Amino acid sequence: MDFELLRHVGNISQIAGIQESTIKTGRGKGLDIARFYNAAGLNFTVCPDRCMDIMDMSYKGVNLSFQSKNGPLGKTASPLPEEFQNQWPGGMLVTCGLDNVGRGYLDGEYFPTHGRISSVPAEHFGTRAEWEDDDYVLSAKGEMHQTRLYGRHLMLSREIRTTLNGTSVTIHDKLTNMQPKKEPFMLLYHVNFGYPLLTGKSRVYTSPTFIAPRNIMSMDHVRMTDPKDDIGEELYIHRPETENAWAALVNPEMALGAYIAFNSYGYIHFFAEWKNMRSHDYVLAFEPCNCFGEGRNIETKKETISSIEGYSTLNFEIKIGVLDGDEAIAEFLKQ
């Protein structure tokens, strides 16, 4: 415990803490949320009612995340395929899977766009703010169960952590197959950056990676543009060539950047880059994933879908962080 620091405050919540509340109005009415804030200026909101996804994130008052025009959606989401674009909220992190990423049917079973897990509420959700030696740690834990009668039972146990002066958030997931039978699964972490971090001056940097453009619009994965009316989206699949994989969006005018980082030699082998410069839907997303986002049906036929053995557990970890100032950006890019 840092008593020298504590001499300066009446209560540690003066500079760091977690505030739990409920959204009272709008389409997100009824959602329970937990807002994290710390002394470094990091501020983000975890939503236990939606897979413990991160609804927003800012740093020193500057927004980092993309919010779709739909905004946060409460507990009335429809699983119908035509409703996805009417309901997808965006946010700093949306978890996609575990049954599907993309769209598709398979053997008569319908799999909604980007799966069902993001709408599953957490069980045993709890937050902690406590000293670990001389650091003050802010964390949340919970578990989500994706189930089907006579079929799958996948449990996703999640822990989200940051620290008193931390400029990053770590998401650690444990995926457990609660059934004896091997189960296919698809997992994608949809991390969405928006204005004012994202502007026409912003640029993308990555660790060494093989890049595969996925549509006819995909011509430049590095340079962003200002918003344009009626422009199509660009999509790229990155296959990292190093174990410690990362991707960063940097705004040189603000001397500010944000990044994702993960171990590509684990079970997350790729990341997608979604560049959407369309007016009002203006977003740049990095999406660490174990699939190509083509949907359950196509990836089953191509045999590109992963599986988890019965009664076994897999571990996943990604980090979302901030780069503050030209020096911090340059040092990070030296990796």
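**View 1. Asp324 reaches over to Lys60.** The side chains of Asp324 and Lys60 make a polar contact of 2.8 Å. Keep in mind that this is a predicted model. Tyr59 gets a share of Asp324 too: their side chains are joined by a polar contact, also listed at 2.8 Å.

**View 2. Where Asp324 sits in the chain.** Look for Asp324 in strand 22, which covers residues 313-324.

View 3. Setting aside the residues within four places of Asp324 in sequence, its contacts are Tyr59, Lys60, Ala255 and Leu256. Take Leu256: 68 residues separate Leu256 from Asp324 in sequence, yet their C-alpha atoms are 5.1 Å apart in space.

View 4. Which cysteine sulfur is closest to that of Cys47? The sulfur belongs to Cys51, and because it lies 9.9 Å away, it is too far for a bond. Cys47 itself counts as buried, at 2% relative accessibility.

**View 5. Cys289 and Cys291.** How many disulfides does the model have? The count comes to 0. Cys289 is in no disulfide, and its nearest cysteine sulfur, that of Cys291, is 5.1 Å away. A disulfide would need the two sulfur atoms within 2.5 Å. Cys289 is buried as well, with a relative accessible area of 1%.

Technical notes: Residues numbered from 1 in each chain as written. Predicted model: local features only at pLDDT ≥ 70, side-chain atom pairs only at ≥ 80, totals over all residues. Heavy atoms only, no water. Helix = DSSP H or I, 4+ residues; strand = E, 2+ residues; numbered from the N terminus. Contact = heavy atoms within 4.5 Å. Polar contact = N/O pair within 3.5 Å; in protein donor to acceptor, adjacent residues only side chain to side chain. Buried < 20%, exposed > 50% of the residue type's maximum accessible area, 1.4 Å probe, protein only.
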